[in-house]
Amino acid sequence: MATFDDEEKPRKKIAHELGEDLAKLSLDELAARVALLRAEIERIAAAAGAKRSSAEVAASFFKR
């Protein structure tokens, strides 16, 4: 349940929303979005790689 205090807190601005109209953005803003999204893709890929590695270690342990 949201309290009055929660409603007063500033909400985190979304840096990019999927499907957002890009026509209103400048070339610099578009380049910044591309950089932001590429960094996020790299972060997600690294997390997936770490989970994959952990799963492989667990699988090899239980195959013994």
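## Buried and exposed

A residue counts as buried when its relative accessible area is under 20%, as exposed when it is over 50%, and as partly exposed in between, using a 1.4 Å probe and protein chains only. In this chain of 64 residues, buried ones make up 3%.

The model you are looking at is predicted, so its local features need pLDDT of at least 70 and side-chain atom pairs count only at pLDDT 80 or more, while totals for chains, interfaces and linings use all residues. Residues are numbered from 1 along each chain as its sequence is written, and side-chain values use heavy atoms, leaving out hydrogens and water.

## The chain as a whole

Let's look at the overall make-up. The chain has two helices and zero strands (DSSP runs numbered from the N terminus: H or I of at least four residues for helices, E of at least two for strands).

## A buried arginine

Find R33 in helix α2, which covers residues 27-62. R33 is buried, at a relative accessible area of 15%. Beyond its neighbours within four places in sequence, R33 is in contact (heavy atoms within 4.5 Å) with A15, H16, E20 and L25.

## A pair of rings

How many aromatic pairs does a search of the whole structure find? The search finds one. The ring centres of F61 and F62 lie 5.1 Å apart with planes at 80°, so this pair is edge-to-face. Rings of Phe, Tyr and Trp (its six-membered ring) pair if their centres lie within 6.5 Å; planes under 30 degrees apart are stacked, over 60 edge-to-face, and the rest tilted.

F61 is exposed, with a relative accessible area of 53%, and F62 is exposed too, at 67%.
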